[in-house]
Amino acid sequence: MANPTLLILAGDGIGPEVMAQVTRVIDWFGAKRDLAFDVENDLVGGAAYDAHGTPLHDDTMARALEVDAVLLGAVGGPKYDDLDFSVKPERGLLRLRKEMDLFSNLRPAQCFDALADFSSLKKDVVAGLDIMIVRELTSGVYFGEPRGIFEEGNERVGINTQRYTESEIDRVARSAFELAKRRGNKVCSMEKANVMESGILWREVVQRVHDADYPEVELSHMYADNGAMQLVRAPKQFDVILTDNLFGDILSDCAAMLTGSLGMLPSASLGAPNAEGRPKALYEPVHGSAPDIAGQGKANPIACMLSFAMALRYSFDQGDEATRLEAAVEKVLADGARTADLMGPDDGAPISTTEMGDAILAALDASL
Ligand code: NAD
């Protein structure tokens, strides 16, 4: 059988630095676990603009639609701040998300025990936390029409429209249920059905998809404002949280910060499954290009590493190998390895990006 294909777009700033460590890990899986990938590297963001005058070349876009998964570092930086909006680095990323039709955004919030002190919540509330927020990414109030600022009488009115079709709700609900089956088998769907018609339809369609095709998954519904409270009160009650674009934007940032550092947070954006059941997929750390530390060997590669672990699990059906990589990360943290972002003022000297890569590779070797 042909090797699975992976397109790596390292991007700008710390993107190439963290991706270099992930590439070592990808090679490790090829050499030690008989799990070889056909990897292609290409440009995105400012790097693509420098080479081609566009933040995403058409050929790169075409490859992204063909490969089994795309792994992206980060885009952007002060060098590109004055570019025209149409060629800004972020446009490359937005084009990928749009043309791949990535409607399901997965943001895990996982708290490694060794980092529980970094959370602003009490240690026992977050230690061992492992939840996943599934956010609808391509519709809802950020896209609905009418939108704009209009004259109304003698003043102006700002309008955005929350709009969801049944099929849009249906497909993201399926993606949450599929995910739950590979995790704790529980979905909590969040909307505001008490005050919004789109929320009533959301609840109805999610329940219908559940009853028809996923009765074995435990489903509950919660108003999104209560969901926000529960996330900071007792986050471990959740497994998968399913929600719309707007509430997901807010709830996923809230959940992410339960766990501490931006350098630890992976994400995935998934589209429709192909004939083999494999969804179009883009994996990327939540953080940006961190121009303040780029080129200094200070970046934490773990967010990008954990994004690759998500690719192993959700694109390549290698859940055990994903767990192996996550366990290796957990072990190096438990052993005290810390990049600068994971350190308090009295914690001694941090290790470099490459040294963190070395430690994770050593932990992977030790796992055999
Ligand atoms: P950022 O995420 O790049 O950095 C915020 C802070 O977190 C910085 O102090 C940075 O040093 C630190 N940080 C981020 N990732 C880290 C890591 N892996 N290890 C250690 N420290 C880390 O956000 P920003 O500063 O607001 O944006 C910088 C640039 O990145 C901008 O051009 C922005 O548009 C872009 N951006 C890109 C993405 C993306 O590619 N998905 C996301 C957010 C921001």
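This is a guided tour of one predicted model, stop by stop.

**Before you start.** Residues count from 1 along each chain as its sequence is written, and side-chain values use heavy atoms, with hydrogens and water left out. Because the model is predicted, local features need pLDDT of at least 70 and side-chain atom pairs count only at pLDDT 80 or more, while totals for chains, interfaces and linings use all residues.

**Stop 1: the annotated span.** Select residues 5–360. UniProt lists them, in an unreviewed entry, as "domain: Isopropylmalate dehydrogenase-like". UniProt positions follow the numbering used here, feature names are shortened, and annotations may be inferred rather than shown by experiment. Over this span the chain is 40% helix and 22% strand. Its end C-alpha atoms lie 23 Å apart. Helices (H or I, at least four residues) and strands (E, at least two) are DSSP runs, numbered from the N terminus.

**Stop 2: the sheet.** Show the strands. An open sheet of 10 strands runs in the order β2-β1-β3-β12-β11-β4-β5-β10-β8-β9, with mixed pairing. Two strands pair if DSSP finds at least two bridges between them. At the edges stand β2 (38–42) and β9 (218–223), each with a single partner strand, so one side of each has no neighbour in the sheet. From one strand to the next, the twist averages 20 degrees.

**Stop 3: strand β4.** Select residues 104–110. Of the 7 residues in β4, 6 are buried, so the strand is largely enclosed by the rest of the structure. Buried means under 20% relative accessible area, exposed over 50%, and partly exposed in between (1.4 Å probe, protein chains only). On one pairing, 7 bridges join β4 to antiparallel β5 (residues 130–136). Look for Leu 106 opposite Val 134 in β5. β4 also has 3 bridges to β11 (residues 266–273), again antiparallel. Here Asn 105 faces Ser 269 in β11.

**Stop 4: on to β12.** Select residues 279–285. β12 pairs with β11 over 6 bridges, in the antiparallel sense. Ser 267 has Glu 284 in β12 as its bridge partner.

Stop 5: Contact means heavy atoms within 4.5 Å. Angles run from 0 to 180 degrees between N-to-C directions, and axes are lines fitted to C-alpha atoms, for helices over the stretch in contact.

**Stop 6: a helix pair.** Select α8 (residues 224–233) and α9 (residues 245–257). Their axes come within 10 Å and cross at roughly 5 degrees. That makes α8 roughly parallel to α9; angles under 35 degrees count as roughly parallel, over 145 as roughly antiparallel, 65 to 115 as roughly perpendicular and the rest as oblique. Show side chains: Ala 224, Gly 227, Ala 228, Leu 231 and Val 232 of α8 meet Phe 247, Leu 251, Cys 254 and Ala 255 of α9.

**Stop 7: Thr 243.** This residue sits in strand β10. Thr 243 is buried, at 0% relative accessible area. Its contacts, leaving out residues up to four places away in sequence, include Ile 133, Trp 202 and Leu 251.

**Stop 8: Leu 361.** Finish in helix α12 (residues 353–366), which holds Leu 361. Leu 361 is buried, at 13% relative accessible area. It touches Arg 24, Val 25 and Trp 28, not counting residues up to four places away in sequence.
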